[in-house]
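Reader: I'd like to learn how to read aromatic pairs and strand pairing in a model like this. Can you walk me through it?

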Amino acid sequence: SHTATGQYIRATGYSSTVRWWEKKRDDSDSERSTGSAKAKRAKKAQDEVAARKPRQVAIRGYWAQFVQGGSTYYFNIRSGQTVWDRPGEFEEPERL
């Protein structure tokens, strides 16, 4: 027997050759809101991780300036020394 669209209905009771476990599910409103909540949580977690990592903001000579959690520190890439106060070599030359 056939449906109105011409599909043949098998004796097994279904008209599709696609198995139910292979079908893609349509997004419902509740799934979309859950998905956006997951995306917001993931974004917040990424922002928190980024806030904990030091961020390099400048480099002059052998000194690199980093900001982490609102604090600024300086790292000498040649000697490996880290200081909280701006080193003399890091100062910008005066412009005339």
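Author: Phenylalanine 66 has a relative accessible area of 16%, so it counts as buried (buried is under 20% relative accessible area, exposed over 50%, partly exposed in between, with a 1.4 Å probe and protein chains only). This is a predicted model, where local features need pLDDT of at least 70 and side-chain atom pairs count only at pLDDT 80 or more, while totals for chains, interfaces and linings use all residues. Residues are numbered from 1 along each chain as its sequence is written, and side-chain values use heavy atoms, leaving out hydrogens and water.

Reader: How is a pair of aromatic rings described?

Author: By the distance of the centres and the angle of the planes. Rings of Phe, Tyr and Trp (its six-membered ring) pair if their centres lie within 6.5 Å; planes under 30 degrees apart are stacked, over 60 edge-to-face, and the rest tilted. Searching the whole structure turns up two aromatic pairs. In one, phenylalanine 66 and tyrosine 73 have ring centres 5.5 Å apart and planes at 15°, so they are stacked.

Reader: And the pair of tyrosine 73 and tryptophan 84: which geometry does it have?

Author: Edge-to-face, because the planes are at 70°, with the centres 5.8 Å apart. Tyrosine 73 sits in strand S3 and tryptophan 84 in the segment after S4, so this pair ties together parts 11 residues apart in sequence. Strands here are DSSP runs (E, at least two residues), numbered from the N terminus. Phe66, Tyr73 and Trp84 make up one aromatic cluster.

Reader: Are tyrosine 73 and tryptophan 84 buried or exposed?

Author: Tyrosine 73 is buried, with a relative accessible area of 15%, whereas tryptophan 84 counts as exposed at 60%.

Reader: What is the strand order of the sheet?

Author: For the general idea, two strands pair if DSSP finds at least two bridges between them. Here, four strands form an open sheet in the order S1-S2-S3-S4, with antiparallel pairing. The edge strands, S1 (55-60) and S4 (82-83), each pair on one side only.

Reader: How many bridges link S3 and S4?

Author: Two, in the antiparallel sense, with S3 covering residues 71-76. Phenylalanine 75 has threonine 82 in S4 as its bridge partner.

Reader: What about isoleucine 59, then?

Author: Isoleucine 59 belongs to strand S1 and is partly exposed, at 48% relative accessibility.
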